[in-house]
Amino acid sequence: MNNRRYGLLFADHASGSRRDRSGLASALAYLQPGDCLVVWKLDRLGRSLPHLLETVNGLRARGIAFRSLTEQMDTTTPQGEFLFHVFGALAQFERSLTQERVNAGLAAARRRGRQGGRPFGIDPEKLATVITALDAGATKASVCRTFGIPRSTLVDSLARIGWSPGANAQGEKSGISPNTDRGPDRTAV
């Protein structure tokens, strides 16, 4: 008897929300082009809609069909393919809405004066003193020893404010304000 003709049963006893499901992993590894993966319900295959779409797209790329018995989704039919694309569009819409809400929340926090992101490793007053010493000709190594600052912290702090040696040769005042912009990619609420 050829098991590929009649199918095999793979079972998991873990929640569908877990990533480490041995039954699903075994089933996905067993499948070959021309096979069809059948699940009782969509939530048995994916932890979330994006994960489900990723899994089914991976199956499609390998030439494997997909069917869900409860939702009557069958990617071998035009209707099932359409339904799957609608799910994909809904997942993209959900991601866009989430991103929009996060950005709106970050903007609202900035308007309230909240600064997000990783805190500075050196407080602003100490950093202003360090910059004055560096502008006066002190080396980074001597500043680190004098102020008890790890070199990586000093280098990171100077990079965050855009300080470079010789930048203040015309007598510009160095320093850092406590509200230095940390950039949009490092801002969090």
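## Ile 131 and its helix

Ile 131 lies in helix H5. Helices here are DSSP runs of H or I with at least four residues, strands are E runs of at least two, and both are numbered from the N terminus. The model is predicted: local features need pLDDT of at least 70, side-chain atom pairs count only at pLDDT 80 or more, and totals for chains, interfaces and linings use all residues. Residues are numbered from 1 along each chain as its sequence is written, and side-chain values use heavy atoms, with hydrogens and water left out.

Ile 131 has 0% relative accessibility and counts as buried. Buried means under 20% relative accessible area, exposed over 50%, and partly exposed in between, with a 1.4 Å probe and protein chains only. Pro 165 is 34 residues from Ile 131 along the chain, yet their C-alpha atoms are separated by 9.7 Å.

## The two sides of H5

H5 covers residues 124-135, twelve residues that should span 16 Å at 1.5 Å a residue. The expected span is 1.5 Å times one less than the number of residues. The end C-alpha atoms of H5 are 16 Å apart, which agrees.

Leu 127, Val 130, Ile 131 and Leu 134 are the buried residues named in H5. Seen down the axis, the buried residues fall within an arc of 100 degrees, so they line one face of the helix. That arc is taken from the directions from the helix axis to the C-beta atoms. Exposed Glu 125 and Thr 132 sit on the face turned away from the buried side. After H5 comes Gly 137, with a positive phi near 110 degrees.

## Packing against H7

Helices H6 (140-147) and H7 (151-161) are included in what covers the buried residues of H5. Leu 127, Val 130, Ile 131 and Leu 134 of H5 meet Leu 154, Ser 157, Leu 158 and Ile 161 of H7. Contact means heavy atoms within 4.5 Å.

The axes of H5 and H7 come within 12 Å and cross at roughly 90 degrees. Axes are lines fitted to C-alpha atoms, for helices over the stretch in contact, and angles run from 0 to 180 degrees between N-to-C directions. The two helices are therefore roughly perpendicular. That class spans 65 to 115 degrees; under 35 is roughly parallel, over 145 roughly antiparallel, and the rest oblique.

## A three-stranded sheet

Three strands form an open sheet in the order E1-E2-E3, with mixed pairing. E1 and E3 stand at the edges, each with a single partner strand, so one side of each lacks a neighbour in the sheet. Two strands pair if DSSP finds at least two bridges between them. E1 (residues 36-39) and E2 pair in the parallel sense over four bridges. E2 and E3 (residues 73-74) run antiparallel, joined by two bridges. Their hairpin has four residues between the strands, and Gln 72 there takes a positive phi near 55 degrees.

## Ser 68 in the sheet

Ser 68 belongs to strand E2 (residues 65-68). Ser 68 is buried, at 3% relative accessible area. Val 39 stands opposite Ser 68, and Ser 68 also stands opposite Met 73 in E3. Beyond its neighbours within four places in sequence, Ser 68 is in contact with Val 39, Trp 40, Lys 41, Leu 42 and Met 73.
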